[in-house]
Each structure stands twice: as structure tokens, then as C-alpha cells.
Amino acid sequence: MTQVSMTVNGKPVSGDVPDNTLLVDFLRETLELTGTHVGCDTSQCGACVVHVNGRAVKACTMFALEAEGAEVATIEGEAAPDGTLSAIQQAFQDHHGLQCGFCTPGMVMSAKALLAENPKPTEAEIREYLEGNICRCTGYHNIVKAIMAASGQDVSKIAAE
Amino acid sequence: MYEVIITRPRSLAEAIEALGDDNATPLAGGQTLIPTMKQRLAAPEVLVSLAGIEELSGVTIGDGEITIGAATTHADVAREVAGACPALAALAGGIGDPAVRNRGTIGGSLANNDPAADYPAAVLACDATIITNDREIRSDEFFDGMFGTALFEGEIITGVRFPIPERAAYAKFDQPASRFALTGVFVAAGGGVVRVAVTGAGEDGVFRWDAAEQALAKDFSPSAIEGLSPDPSGMIGDLHGTPEYRAHLVGVMTKRAVEAALG
Ligand SMILES: Cc1cc2nc3c(=O)[nH]c(=O)nc-3n(C[C@H](O)[C@H](O)[C@H](O)COP(=O)(O)OP(=O)(O)OC[C@H]3O[C@@H](n4cnc5c(N)ncnc54)[C@H](O)[C@@H]3O)c2cc1C
Ligand code: FES
Ligand code: FES
């Protein structure tokens, strides 16, 4: 067991974990923050995307100990304490960017990283950025539309699908 | 995953010492090693994390060459060499997806030498030098068959030095599910020499395509290699493509890379 400490959604946290604990397991099992999902556990699907020091990473492909001292942001940090959704979350709701919702935490965290780098992405840029986020339900169309809308771009001419 | 002990040295000297243990393995971005450990295809007892070692990370752009620390992520390479060598930046920016690029490193990719990895093509085409804790290895001597390299047990890559080519481009035909190269070709030209390195296609991993190099050295244009493709024997055949298909792709991607290099 090794002690690990980090900041998660602005709060200092720590725990004693076996060294082979993945960051996603530390978040879900130790901290009981189950919003970050495990879709594949093979680094393919992106359901587990969180931010470590501002960068999107797959939490299933990083050890918790590697996040020692880091600032970690998860989907639980997105809504305001009173439950008001973030602009990206609200856009997913408004534009039907989710169905079963399993991929959504990773999609939202990837979208947040994209908009931090590129505040007004084109549709092609959004699709390319989401290459590591798999959705089995929506066909991506409304996810892309939601992210365009969240970035303040006009989506009224994009057909609903 | 089996139990493992993770150590996080602060300096290269500490890392080398920790790797003196026969059961220790370097951990860079973990984007290959962690999935391999989950599948129990690798079972190191000790992992020596290279991520926190400052001297292993970063890009230095010098006179006619770029030196990249082994623990520099694909995302940082894409950003930092964009001005000095756009072909290399595009290659790094096309690896996997953004989350993989935020963790995966150039040193990990080269040490792993996956037959479909992107960086080996850039290293071989640019005739880059692999710098280890102990020596310097020329690109032609470094890659040693699928997943094989000239590295000794316990030896680590500390950096890679790329001469900046006069003209260069990388053309990649993605395998859409894995995002690795089904076939990728890096063409680099400078000082009258042309080098063409092919990844994703050869059964022995990355290789130089001599016939195309010779034709392009005489005439650096897509028409110089019109109709040319390597012999399919020795090409990978799997569910994604036959050896003939890959041989054909090598010709096509080389032409595209030359067109892009003339840009
Ligand atoms: C979904 C996904 C998509 C991907 N797509 C692509 C792609 O399109 N193209 C591509 O090229 N790659 C791709 N990769 C692989 C990715 O680029 C990895 O980052 C890279 O292969 C390994 O780098 P790493 O830093 O993660 O190394 P690790 O996984 O940490 O290590 C890999 C191996 O190298 C050894 N090692 C690490 N650093 C050193 C060093 N400095 N000296 C000596 N040995 C060392 C380790 O011991 C280990 O054996 C993909 C990976 C994933 C998960
Ligand atoms: S659970 Fe991490 S990428 Fe799928
Ligand atoms: S909404 Fe079901 S997987 Fe994306």
C-alpha cells in the first residue's frame, strides 16, 4: 500500500492504495466518484476521460500514483453545487447529445478539453478530437451539434437526426 | 493486473540505478505498457516511472536539428515542433487520439517499436539519432525486427536528435479501429539524399524502401515513382489487408507523401 494525495475537483483527497490501482479505480472505488465510467478498460472507448493538470487523459490507462500531487477534474466537478449544469452539459441536454448516457462523462470532459484549446472548433475539428470517445447510441451527430452549440456557434441550420 | 511496485525517481541517475534491478521496467506514458499489463502479457515486478524526470522531457530546437527528450508526450511534440518541422508535428498530432497523445511519449513508442507505430518511420526517414543513458545509436542500427530494438537490458532512451530535413512529409493510412498505421510512409529529402521509411506494412517492422529512394533522388516528384510498389513478399497479411494490398498502399502513400513534401 502506498499513500497517494491529489486534488479532485478542487478538494484535497488522499488514500492508501496498492501500487497497481488505476486512477479510475481510485476515483470510483476509493473516492466513490462513480461518474467516471469504465467502458472498455482497454484504452479504446474514452468513457473514463478525466483531466489531470488540465489535460484530458484516460483514467483507465494511468496509475493513481502517477497523479500524486496533481489537479484532477472529473464530471462531478462540472455542475454547480446547486445542480445547475455547465454550458457543455446543458448543451448535451438541449440537443439530445446522449441516449443511454454511458459515454457522456467522457464526452463532456473531452469536449471541455477541446473548447479550452480551441474555443470555436469546426465540425471536422470536433469529430477529430472525439476520435478516442466511442458512443454506441447517438451516431455522434447530436454530440457534435451540442459541442458546437456549447461553443456559442449557431446550430439552427444543422438538421436534427 | 499482477501486483507491482511503482517507483518515481526524480533524476535520470536515480532511474538508472532503480533499473539496475533485473525485475524493473521503465514506465513512460503507459499507453502501451498498462494495457499489456492488464492482459498479463507483461508482468514487471517494479515499474520505474520516467514521467517526473525533468531532464528527460522537452524539445530543443537548434541549428538544423531538433532534440526531443524521451519522456516528451506526443501532444507536446506536435505543438513544439510545428514551426521547425511540420511533418514531424503532423505525425505526432496524428497518433491515436488526444488522450493518448497527452500521456504517450516518443521514447516509449521507439522502445516498443510496434510494427504499426508512427515515430519509427520519422526516425528512420530523417536518419535521427537515438540517445541513451550510455551511447548514441544511428537510426539504421536501432530498429531490430518487430518489437525489437538495439537497446540492452536496463538501457533507456533519454532523447532523440532529428536533423531537420529540407523537405519532408508523412502520409498515413489509418487502421480506423486502432488508429495505428495500416501503412504509413515518411519521406525526407535533404543534401541530395532522399530517405523513404515505411511503417505498418513490413513483417520485420519499419523499413527503408530503396527503389523509391533511388528514383526520388534522381527526380523528386510523384511521377518518378509512378507504378512502383515494393515486393509483397515480406509484407504483413492480416484481417485488415493482404500483403499485396499493403504493397500497393506503400506505393500510393509514398506518392502522397512526396506530393505533400513538395507542398
Ligand atoms: C488507443 C490507442 C491508440 C494508439 N494509436 C497509436 C498510433 O496511431 N500510432 C502510434 O504510433 N502509437 C499509437 N498508440 C501507442 C502510443 O503511441 C504509446 O504511447 C506508445 O506506443 C508507447 O509510449 P508510452 O510512453 O505510452 O510508453 P509505455 O507504455 O510506458 O512503455 C512502452 C514500452 O517502452 C518501454 N519504455 C518506455 N520509455 C522508455 C525509455 N525512455 N527507454 C527505454 N524503454 C522505454 C517500457 O518499458 C515499455 O516496455 C496508441 C495507443 C492507444 C492506447
Ligand atoms: S474505459 Fe478507459 S478508455 Fe475505455
Ligand atoms: S449515449 Fe449511449 S454510448 Fe453514448
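**View 1. A salt bridge joins B:K38 and A:D41 across the two chains.** The side chains of B:K38 and A:D41 meet with N and O 2.7 Å apart; a salt bridge here is a side-chain nitrogen of Lys or Arg within 4 Å of a carboxyl oxygen of Asp or Glu. Side chains of opposite charge can pair when their charged atoms come close. By that rule, four salt bridges cross the interface of chain A and chain B.

A quick note before going on: this is a predicted model, where local features need pLDDT of at least 70, side-chain atom pairs count only at pLDDT 80 or more, and totals for chains, interfaces and linings use all residues. Residues are numbered from 1 along each chain as its sequence is written, chains are lettered from A and ligands numbered from 1 in the order in which they are written, and side-chain values use heavy atoms, leaving out hydrogens and water.

**View 2. Here is where chain A meets chain B.** On one side are 20 residues of chain A, in contact with 31 residues of chain B (contact means heavy atoms within 4.5 Å). The two chains bury about 2,200 Å² between them, 51% of it on carbon and sulfur atoms; buried area is the accessible area (1.4 Å probe) that two parts lose on being put together, summed over both. In chain A, the residues that lose the most area to chain B are A:R55, A:F63 and A:E66, together 28% of what that side buries.

The interface also has 11 residue pairs in polar contact, both residues at pLDDT 80 or more. A polar contact is a pair of N or O atoms within 3.5 Å; within protein, one must be able to donate a hydrogen and the other to accept it, and residues adjacent in sequence count only if both atoms are side-chain atoms. Strand β4 (residues 55–58) of chain A gives the most to the side touching chain B, with four residues; strands (E, at least two residues) and helices (H or I, at least four) are DSSP runs, numbered from the N terminus.

**View 3. Ligand 1 sits in a site shared between chains, because residues from both A and B surround it.** Of the 31 residues around ligand 1 (a heavy atom within 4 Å), the nearest are B:P26, B:G30, B:L33, B:T105 and B:R179. Oxygen atoms of ligand 1 lie 2.5 Å from a polar backbone atom of B:R179, 2.8 Å from one of B:Q31 and 3.1 Å from a polar side-chain atom of B:K172. α6(B) gives the most to the shell, with four residues.

**View 4. Inside chain A, A:R127 pairs with A:E123.** This salt bridge has its closest N and O atoms 3.1 Å apart. Both residues lie in helix α4 (residues 123–129), four residues apart, about one turn of the helix. Over all chains, the structure holds 19 salt bridges.
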